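Have the sequence and the 3D view open side by side for this one. Here's a short tour, stop by stop.

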Amino acid sequence: MRTIDTLVIGAGIAGLSAAARIARHSETLVIERESAAGYHSSGRSATFCHFGIGDGLVHKLTAMSKAVFAAPPEGDHPPLAKRMAAFFVARAEEEQQLDRLTETTLAHSPDAERIAGTDLQSIVPVLKTGPDGFASGLYDPDAYKLDSDAMLQANIRVLRSAGAQLVTDAPVEAIRRDGERWIVDTPGESYAARRIVNAAGSWADTLASMADVNPLGLTPLKRTIIAFRPPEGTDVSDWPFTKTVGAGFYMLPEGSGRLLASPMDETPSEPCDAQPDEEAIALAAWQVEQATTMPIKRIDHKWSGLRTFAPDKSPVAGYAPDAPGFFWLAGQGGFGLQTSPAMAMAAEALALDLDWPGELAAQDIRREMLSPARLGNQFSRSSTSAKV
Ligand SMILES: Cc1cc2nc3c(=O)[nH]c(=O)nc-3n(C[C@H](O)[C@H](O)[C@H](O)COP(=O)(O)OP(=O)(O)OC[C@H]3O[C@@H](n4cnc5c(N)ncnc54)[C@H](O)[C@@H]3O)c2cc1C
């Protein structure tokens, strides 16, 4: 039995970024079921940072995090993010949605501007405009393409330099309370921890049920991405991340001359190693072909991952009201990478009961907004026992 102060379960972006900060104050260990960090959602993302997703809290967390991506910590590491524009396009009947998004975006990205009619094609030449296409758009030059691997590795370096460890191939199989400590069993080792940070992504409710803690009612939703080559001779390298404001798709250049696209599917799923299905792959190609003049002749690559949401779609960080020392860090949905610097800062302060950071207060982000207590106790253990 190994005794530890803080045991973080899950080496995705949530667990690693929080651990990198917590390790500055507390003896910390991260355990991960898979053989490498980022195997699940964090390694399958579109890795973009923009304001076209989430509610007001997510926008504030994104705004704080964007400042970190714009001026990353110094050191010998590959860039965590590259500035790349975000471009939101709307059909005539979606004008009001675009107006709302414009207001949100301008609050955090003052250089964003509206574009109309055929001017949309000066930004992405293949977009269809007019009665069968898009009528207007919002161009935000101040968005970021993130590098998830660089972000994961940077956090691993920071946590190691603070003396913490990452143990892979360590699936948590049982959790129980013993006096002041949580006992966590993996096949190779058992741990006695003063606090556990549940950063198990899509499995966070499963872990809670293992520990006899009320689950939050998290819902994993599967999303699919395809990679394809644009038509011969089309240079997509300076295209922005392009997203429909309503149902539709998003696409972005991948770096190797290819484009990535997603039909923004949201299929409820059990926590699992998500695989793309034929229907979602076909839908991705169809959405792109409908909205642009690009035929997709071949799909080079495809994958799926889970985006896991709390019932109110906001992220969760805080101690379980029903279990001392059991810290939730869950529900990062489709914004877990772009909010990770802010969420890690919040998790550090909440887990260790530190003063609330000025950077979060400046965005009017308050502890109670992140608290699991806000969700009430509507999800009893028995209601999700089938998921365990
Ligand atoms: C297709 C797609 C596109 C996305 N696009 C974006 C985007 O553009 N921008 C953005 O910010 N976000 C995006 N996201 C969302 C983002 O990827 C997630 O919010 C984020 O990765 C969640 O991180 P996490 O650490 O909570 O979960 P994960 O990365 O899934 O990490 C959880 C870890 O816990 C481990 N674990 C689970 N159970 C156990 C156990 N019993 N024992 C030990 N370890 C365990 C898992 O193995 C896993 O490694 C996207 C997601 C998808 C799927």
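## Around Gly333

Setting aside neighbours within four places in sequence, Gly333 is in contact (heavy atoms within 4.5 Å) with Arg307, Thr308 and Phe309. You'll find Gly333 in the loop between strand 20 (326-330) and helix 8 (340-352); helices (H or I, at least four residues) and strands (E, at least two) are DSSP runs, numbered from the N terminus. Gly333 counts as buried, at 17% relative accessibility; buried means under 20% relative accessible area, exposed over 50%, and partly exposed in between, using a 1.4 Å probe and protein chains only. Ser41 sits 292 residues away along the chain, yet the C-alpha atoms of Gly333 and Ser41 are separated by 9.5 Å.

A word on the ground rules: this is a predicted model, where local features need pLDDT of at least 70 and side-chain atom pairs count only at pLDDT 80 or more, while totals for chains, interfaces and linings use all residues. Residues are numbered from 1 along each chain as its sequence is written, and side-chain values use heavy atoms, with hydrogens and water left out.

## The ligand

Gly333 turns up again here: a backbone N or O atom of Gly333 lies 2.8 Å from an oxygen atom of the ligand. A polar backbone atom of Gln338 is 2.7 Å from a ligand oxygen atom, and for Ala46 a backbone N or O atom lies 3.1 Å from a ligand nitrogen. The protein covers 97% of the 1,000 Å² of accessible area that the ligand has on its own (Shrake-Rupley method, 1.4 Å probe; for residues, only the protein chains shown count as cover).

There are 38 residues around the ligand (a heavy atom within 4 Å), and Glu32, Ser42, Phe48, Gly333 and Gln338 come nearest. Which strand gives the largest share of that shell? Strand 18 does, with three residues.

## Thr62

Thr62 belongs to helix 2 (residues 56-70), and is buried with a relative accessible area of 0%. Beyond residues up to four places away in sequence, Thr62 touches Cys49, His50, Phe51, Gln338 and Thr339.

## Helix 7

The buried residues of helix 7 are Ala280, Ile281, Ala284, Ala285, Gln287, Val288 and Ala291. Seen down the helix axis, they fall within an arc of 155° (taken from the directions from the axis to the C-beta atoms), so they line one face of helix 7. They pack against strand 13 (219-228), strand 16 (259-262) and strand 18 (299-309). On the other side of helix 7, Glu278 and Glu279 are exposed.

Technical notes
Polar contact = N/O pair within 3.5 Å; in protein donor to acceptor, adjacent residues only side chain to side chain.
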